[in-house]
Amino acid sequence: MPTLNLPLTETPSLLGGFDENLLEQSRKGEHALLQAKRTAAFESYSQIPNPDRFHEEYRRMDPALFQIAKFSPMQIPEAAATYKALAEDTNYDVVISVSSEGIAVEDCNGVLTDGNLVVMPLDQAAREHSTLLEQSLGAGMVPGEQRKFLDLNGAFWNVGFFIYAKKGVDLKGGILIRYHNDQADTVLLPRLVVVAESLTRFAIAEQFTSPDNVKTLCISGRELLLDAAADVKLVSLQDWGNEGLHIGEDWARVKRDAKVNLFSMTVGGKVSKMTVGCDVCEPNANAYLGGMFFADRDQHFDQKTLQFHSSADTYSNMLYKGAVKDNGYSVYQGIIRALKNCVGVDSYQTNNNLVLDPTARADSLPGLIIDADELACSHGATFGNIDQEQLYYLRSRGIPEGEARRMLVMGFFDEVIDRIPFENMQDHLHAVIERKFGV
Amino acid sequence: MSYLQIKNLHARTGDIEILKGVNLEINKGEVHALMGPNGSGKSTLSSVIMGHPDYEVTEGDILLNGESILEMDPDERALAGLFLCFQYPVAIPGVSISNFMKKAVDARHPEGKAPAGPFLKEMRENMEYLDMDKAFANRGLNEGFSGGEKKRMEILQMMMFKPSIAIMDETDSGLDIDALQVVAKGVNKMRGPDLGLLVITHYERILTYINPQFLHILMEGKIVMSGGPELVKTLEEKGYDWVREQIAVTA
């Protein structure tokens, strides 16, 4: 394998214990396809300079905050776990839960029986769908982008799923993957590969939780490959306990007439860095990136988006809404990138921030890199507390101040939350906002 | 004793005194019009009555049903029976009309929660009466509304909240004749022994549809002239300069 010729850096190129030894452990007993993929990801990972505070992307989010060397991999038993149904599961067709007890896959509505929809762990997919997995694992990222943590996940993932919808699959309920880590000082490295053939429509949710006061790290990697006219929604809910650390990378490649919705909702955990990127790479491809974050009590949430237009006549729309209070700190950075000759691109990037008290801080750095003519790209960011005229209006109608403020904060986030395809998640987010808002 | 009494009201915003001793009494069942040139303090008066936080009362009092409301918050004033039809209602994206209306009706309900069935029925009927599309209820409050839609929304609220005293702050401004007629239709439906109405306007044209029993003219922060319906006609013919001459004569 040819090695990439990258400039040397003074910082070491391996992070913490994520080295050759751990790679060997991860590869042990695995299908050759997965071994090869891990090795390739490791090569790339070890040659990308370590992120540090001098990188623009990390100026507001010191990678040292993740204390990566302190964590050893979360132990997930290989034996299948018993599925324990939760009331909210009625919203989904397939529920997967990953915890210290192992992995449970429940096909609630028999949607997996005819084989048109495949939902299975990556090692099983390596045996049963090797050609497709060979083409898709590691293929979601925008060509030329270097993502250290996505490659780290690619080399060391310790649980992974393959979702594959054959042409025409139209799923009503959706697929939920629930991750719960209660092992202190461990790192969960989940991988998700989604392949949507043409004319498929389905939604996926991933939810991350941990108990309070248990130090955990998660480094997540996901890739979604959408063929012509596919319609896929992905919701990622970072709802960790108060000591959870999270790094997530989502990448979607969207072909002709297809539409992806990527939602990233960060409400829990201590420090979080989410990156969501899409490559709308054929005409009429469309991407919607929706995000919400609410940082309070010293939480530090960083989100980055990348709307990559590598074809003419492609569309993307991004709306990230955040609130900060009680020493919370949020960062939004985003780029719209339109390549040469990509005329007819239509792309928006909007980040609105509610700064609820003076102890909190929100930074916003939207940006455009445009190498084409005849297109429409715009970006904007707003900051502010609750609008006093709106508050006065509601109160003049008899609504008490506390309720009026609650309505305004909910309304602010509902522009994104209302678009999430799962009602139980909407309810959950409303409850979280209510709790954080403290009324 | 009138239901709403405004006594020697002085109010300012920042360092600027805008109201300089307003006296006005409105009873239930009465319709009063308040007119005055630009900058005379008409909108300030409505804001001060409703309790806008940007205005400070420096002297005088406002009594509703015999009790001073100056120490009350805007929501308490609303629950006491006051309603203000805003000249420029603010848009609140993300807060749907149905959610907003339910919360406001709940606030008025003795148990804090109005039963959903009757509430929805009443809202649907009132919306029909005001020629509003049902689908409106799911839209964000005033979000992307035309001038006429915003004013219908204000009238809809007045019909739902059933105030004792309603103040209409230049509700006619920016409306075409169709919208003006619908607004007047709603107001006239509300007229009756339980409602006292103060119609603030810059032009007399809304008064063609809503016939007031009393007209007051506000100039430089004071009510300088009051009269019956005949004053509307006189004012229309002779204008504010005539009013200024009259004051000069009496002074």
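What follows is a short chat about a predicted model with chains A and B.

Colleague: Ground rules first: what kind of model is this, and how are things numbered?

Modeller: It is a predicted model, where local features need pLDDT of at least 70, side-chain atom pairs count only at pLDDT 80 or more, and totals for chains, interfaces and linings use all residues. Residues are numbered from 1 along each chain as its sequence is written, while chains are lettered from A and ligands numbered from 1 in the order in which they are written.

Colleague: What is the mean pLDDT of chain A?

Modeller: The mean is 94, and 97% of the residues of chain A reach 70 or more; pLDDT is the predictor's confidence in each residue, from 0 to 100.

Colleague: Where does pLDDT stay under 50 in chain A?

Modeller: Over residues 1–9 of chain A, for which the model has seven contacts beyond four places in sequence. Two residues are in contact if their C-beta atoms, placed from the backbone, lie within 7 Å.

Colleague: How many helices and strands does chain A come to?

Modeller: Chain A has eight helices and 21 strands, taken as DSSP runs numbered from the N terminus (helices are H or I, at least four residues; strands are E, at least two). The radius of gyration of chain A is 21 Å, close to the 22 Å that the globule rule gives for 439 residues, so chain A is as compact as a globular protein of that length. That radius is taken over C-alpha atoms, and the rule is 2.2 Å times the number of residues to the power 0.38. Along the principal axes, the C-alpha atoms of chain A fill a box of roughly 70 × 55 × 50 Å.

Colleague: What share of chain A is buried?

Modeller: Buried residues make up 51% of the 439 residues. A residue is buried if 20 or more other C-beta atoms lie within 10 Å of its own, exposed if 12 or fewer, and partly exposed in between, with C-beta atoms placed from the backbone.

Colleague: And helix α5 of chain A, how many of its residues are buried?

Modeller: Nine of the nine residues of α5(A), 148–156, are buried. They include A:K148 and A:D151 as well as A:F149 and A:L150. Among the elements covering them are α1 (20–27), α2 (32–47) and β8 (190–196) of chain A.

Colleague: Switching to sheets: what is the strand order of the open sheet of 10 strands in chain A?

Modeller: The order is β3-β2-β6-β9-β11-β13-β15-β17-β19-β21, with mixed pairing; two strands pair if DSSP finds at least two bridges between them. β3 and β21 (376–384) of chain A stand at the edges, each with a single partner strand, so one side of each is left without a neighbour in the sheet. The twist averages 5° from one strand to the next.

Colleague: Now the interface: how many residues are in contact between the chains?

Modeller: 18 residues of chain A are in contact with 21 residues of chain B. On the chain A side, α7(A) gives the most, with eight residues.

Colleague: Last one, chain B: which strands form its open sheet?

Modeller: Four strands in the order β2-β1-β4-β5, with antiparallel pairing. β2 (16–26) and β5 (67–68) of chain B stand at the edges, each with a single partner strand, so one side of each is left without a neighbour in the sheet. Helix α1 (42–50) of chain B packs on the sheet, touching β1 (4–13), β2 and β4 of chain B.

Technical notes: Axes are lines fitted to C-alpha atoms, for helices over the stretch in contact, and angles run from 0 to 180 degrees between N-to-C directions.
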